[in-house]
Amino acid sequence: MEIALRAALIAWLAVDPVLSAQLNAMVEEAPARTSLPWLAIAASASADWSCKTAAGREVRIALELQCRGDRSDAAADLVAAVEARIESLPRTQTGFSVTTIRFLRARAEQRGESRRAILLEYRFRLLEA
């Protein structure tokens, strides 16, 4: 279910008109030759979350947004759009259903040459369909 969730999440983000107009890539791994800004899954991990009647997984996914900006709020609107889109992921997916989506933490880091990296971590609880 973890791999299916990763694919569904990237596909859901990629069809958003606001995000697709602002981001050069929305992918599962950091792109090697894509100009900023881009969004990628940095890591994921899953654990059993089964119940008596269905198999389940708790999946944690960390997404990394890379962009440019000298100000600390340079990507605030873009981050808000990403967060809103993640939280609106349809609950019914092929092969599983999403029972909960919960924001866990974020981290922002200023890097050289006006680069910014923002990490967003979410927890998804899934049940097999």
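Author: Let us begin with aspartate 73, which is placed in the loop between β3 (56-68) and α3 (76-87). Helices (H or I, at least four residues) and strands (E, at least two) are DSSP runs, numbered from the N terminus. The model is predicted: local features need pLDDT of at least 70, side-chain atom pairs count only at pLDDT 80 or more, and totals for chains, interfaces and linings use all residues. Residues are numbered from 1 along each chain as its sequence is written, and side-chain values use heavy atoms, with hydrogens and water left out.

Reader: Why is aspartate 73 called partly exposed?

Author: Buried means under 20% relative accessible area, exposed over 50%, and partly exposed in between (1.4 Å probe, protein chains only). Aspartate 73 has a relative accessible area of 41%, so it is partly exposed.

Reader: How many disulfides does the structure hold, and what makes a pair of cysteines count as one?

Author: The structure holds zero disulfides. A pair counts when the cysteine sulfur atoms are within 2.5 Å. In general terms, a disulfide is a covalent bond between the sulfur atoms of two cysteines.

Reader: Is cysteine 67 classed as buried or exposed, and what class does cysteine 51 receive?

Author: Cysteine 67 has a relative accessible area of 5%, and therefore is buried. Cysteine 51 is at 41% relative accessibility, so it counts as partly exposed.

Reader: What pattern of helices and strands does the protein follow?

Author: The protein contains three helices and six strands. Along the sequence they are arranged as α-α-β-β-β-α-β-β-β.

Reader: Why is the protein called as compact as a globular protein of its length?

Author: The radius of gyration is taken over C-alpha atoms, and the globule rule is 2.2 Å times the number of residues to the power 0.38. For 129 residues the rule gives 14 Å, and the radius of gyration of the protein is 15 Å, close to that value, so the protein is as compact as a globular protein of that length. The C-alpha trace spans about 50 × 25 × 25 Å along its principal axes. Buried residues make up 40% of the 129 residues.

Reader: How do you know that arginine 6 is buried, and which residues is it in contact with?

Author: Arginine 6 is at 12% relative accessibility, and therefore counts as buried. This residue lies in helix α1 (residues 2-14). Contact means heavy atoms within 4.5 Å; leaving aside neighbours within four places in sequence, arginine 6 is in contact with Glu28, Ile41, Ala43, Ser44 and Ile61. Arginine 6 and isoleucine 61 are 55 residues apart in sequence, yet their C-alpha atoms are 8.0 Å apart.

Reader: Why does glutamate 64 count as buried, and what is it in contact with?

Author: Glutamate 64, in strand β3, is at 17% relative accessibility, so it counts as buried. Beyond its neighbours within four places in sequence, its contacts include Trp38, Leu39, Arg111 and Ile118. The C-alpha atoms of glutamate 64 and serine 35 are separated by 14 Å, at 29 residues apart along the chain.

Reader: What makes threonine 92 exposed?

Author: Threonine 92 has a relative accessible area of 69%, so it is exposed. It is found in strand β4 (residues 92-93). Its C-alpha atom and that of serine 72, 20 residues apart along the chain, are separated by 36 Å.

Reader: Which peptide bond is cis, and where is proline 37?

Author: The bond joining leucine 36 and proline 37 is cis, with omega about 0 degrees. Proline 37 is in the loop between β1 (26-27) and β2 (38-48). Most residues other than glycine have a negative phi, and most peptide bonds are trans.

Reader: What is the phi of glutamate 113, and what is that of serine 114?

Author: Phi of glutamate 113 is near 55 degrees, a positive value in a residue other than glycine. For serine 114 phi is near 60 degrees, again positive in a residue other than glycine.
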